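Biologist: I'm new to this one. Can you put it on screen and walk me through a few spots?

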Amino acid sequence: MTRTRVRRGGGPRGSMLFGGGLALGLALVLAVLAERAAAQSGQSNQNNCPAAQDIQPCGCTVKKNGLDILCEATETQHINKAMDALKGRGNVVIFYLKLRHNSLPKLLQFVFLGLDIRHLTIHNSSLAVVEESSLSSVGKKLTQLDLSQNVLTLVPSKALNTLHHLLILNLNHNKISAIHNNAFQGLDTLEILTLYENKIDVVDDGAFEGLGKKLKRLNLGGNGLRKVPQRALATLEVLRKLEMQENELTEIQEGDFEGLRNLDTLNLQHNRLNTVPAKVFSHLKLLNSLELENNQIRFVDPEAFSGLEENLQYLRLGDNKLNDIPSEALRRLHRLRHLDLRVNNITFIPDDAFSGFGDSITFLNLQKNAILVLPGLAFENLNSLETLNLQNNKLEYVSEEVMEPIIDTVTHFDLSDNPLICTCDLSWYHTWYRKAVGMVDEPAAHKRKTMCYLNSERREYNLLALPLQKMHCVGKNLGQVAAAHRISITFEIILSTTVFLTVLRRLNSM
Ligand SMILES: *[C@@H]1O[C@H](CO)[C@@H](O)[C@H](O)[C@H]1NC(C)=O
Ligand SMILES: *[C@@H]1O[C@H](CO)[C@@H](O)[C@H](O)[C@H]1NC(C)=O
């Protein structure tokens with residue numbers, strides 16, 4: 001296509017001999033076009049792969065934006081040879097250079113000199129040393145660098161500091177134990193930094209110097225942090241997501257998150273926190289999601305969530321040691337949508353547990369607690385509730401009164417694995433189920449059956465399959481319980497027929 005255009009360019013250029021400014025101008029324009037086309041076709045030629053034998057054992061495929069080179073299970077010398085073959089090809093774009101599962105203990109100086117690499121991966125390759133000038137030649141174009149699953153013990157700061165276009169740096173699964181001052185200096189465009197699963201227990205105050213204007217995501221999860229590296233973090237003023245899960249934090253305190261005023265998500269899961277103290281998140285005015293799951297939290301200060309009033313929507317407090325719903329602390333969170341309190345030791349839900357804040361909650365998980373009783377007004381404020389999980393508690397009775405405020409909005413409800421007793425009080429469950437799940441039982445959709453225990457027969461029944469007369473509903477006003485109504489009418493007909501026949505028999509025998 002481009003070639004045809006080049007050839008056509010020759011014709012009008014000949015006609016220039018016939019003179020005329022217009023023709024000259026036209027010819028010049030066409031000449032420029034032809035040159036551009038030639039340059040383009042030249043470049044696309046170079047974006048072809050080298051001959052397979054020149055880069056083996058590496059492989060090469062042509063992608064829309066450049067070459068995709070993959071070298072696996074090989075050694076330094078073969079990789080160097082493949083790089084040399086690519087260097088001989090002028091300005092070829094290597095969109096992906098992926099070196100995985102190799103033996104590449106040291107990245108030598110100038111190894112990529114003359115190559116235009118956009119995404120570089122050196123993964124699971126025993127990389128321990130990244131020499132100072134090994135990456136400097138790719139600094140103008142490299143946007144992603146993945147050095148995960150290697151044996152780096154320090155951030156290779158000197159090699160990184162020329163990567164002025166880098167957006168993503170992945171150092172996950174290495175053996176980095178400390179982040180020293182200015183470790184990432186020079187990476188002034190970096191947006192995502194992940195250091196998951198290293199051995200970091202020291203973060204110097206100036207560790208993230210230079211990243212403040214651009215860094216949006218930082219993952220420090222899976223390390224050995226014992227306290228929040230407050231001073232280092234304080235410079236990250238545009239950070240939106242901070243992950244510090246799976247560390248050894250025993251304490252968080254007021255001021256720890258100062259400076260992170262754009263933070264949207266904070267993950268502190270799987271640490272050893274036992275208290276959420278007052279005002280600890282008070283600087284995080286934009287925080288939307290807070291994950292505190294899997295700690296040892298017993299106490300949540302009534303002021304713990306101060307500052308989160310306007311934006312917090314997701315709060316996860318599951319797998320802790322709470323004995324109560326921390327209502328006082330929660331009351332200010334009037335935008336809260338998702339509250340997860342699964343696997344705690346909550347035994348009782350007071351009438352005012354959700355009063356003053358529950359009306360925006362759509363998801364409430366109380367699974368695997370020890371709740372014995374639900375008082376009548378427990379759920380009264382949960383006007384928006386869609387999902388309620390009460391699975392695996394100690395409930396024997398759940399009255400229609402307590403469910404009444406939420407029965408019209410809840411579409412997902414789990415009451416299984418409770419020691420429910422089959423009584424007429426549970427007949428609301430049929431009504432709810434038929435409305436929310438449908439007339440047809442869907443065993444696949446409802447894996448767990450909700451069982452109740454019928455004292456008179458000393459056996460368990462699937463609550464949905466239990467005939468209502470066994471729940472001692474006969475004679476009671478069943479209201480809008482449509483199906484139940486039908487059963488009970490049938491039952492009453494049978495009953496009255498029986499009575500009628502008995503009377504008849506008596507009359508006969510007289
Ligand atoms: C890492 O690479 C080695 C080969 O060097 C391979 O045997 C091993 O399975 C790889 N590990 C992972 C997790 O991919
Ligand atoms: C769980 O709560 C009950 C009743 O409040 C209490 O007796 C028990 O010690 C608690 N268990 C734990 C592990 O905190």
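**Loops, strands and a ligand**

Modeller: Asn294 sits in the loop between S16 and strand S17 (299–300). Strands here are DSSP runs of E, at least two residues; helices are runs of H or I, at least four; both are numbered from the N terminus. This is a predicted model: local features need pLDDT of at least 70, side-chain atom pairs count only at pLDDT 80 or more, and totals for chains, interfaces and linings use all residues. Residues are numbered from 1 along each chain as its sequence is written, and chains are lettered from A and ligands numbered from 1 in the order in which they are written.

Biologist: What is the phi of Asn294?

Modeller: Positive, about 60 degrees, although Asn294 is not a glycine.

Biologist: Is Asn294 buried or exposed?

Modeller: Buried, because Asn294 has 20 C-beta neighbours inside 10 Å. The cut-offs, with C-beta atoms placed from the backbone: buried is 20 or more others within 10 Å, exposed is 12 or fewer, partly exposed is in between.

Biologist: And where is Lys279?

Modeller: In the loop between strand S15 (275–276) and strand S16 (289–291). Lys279 also has a positive phi, near 60 degrees. Lys279 is partly exposed, with 15 other C-beta atoms within 10 Å.

Biologist: New topic. Which bond joins Gln56 and Pro57?

Modeller: A cis peptide bond, with omega about 5 degrees. Pro57 is in the loop between helix H3 (52–55) and strand S1 (59–63).

Biologist: Last one. Which residues surround ligand 2?

Modeller: Lys321, Asn323, Asn345 and Thr347. Near means a C-beta atom, placed from the backbone, within 6 Å.
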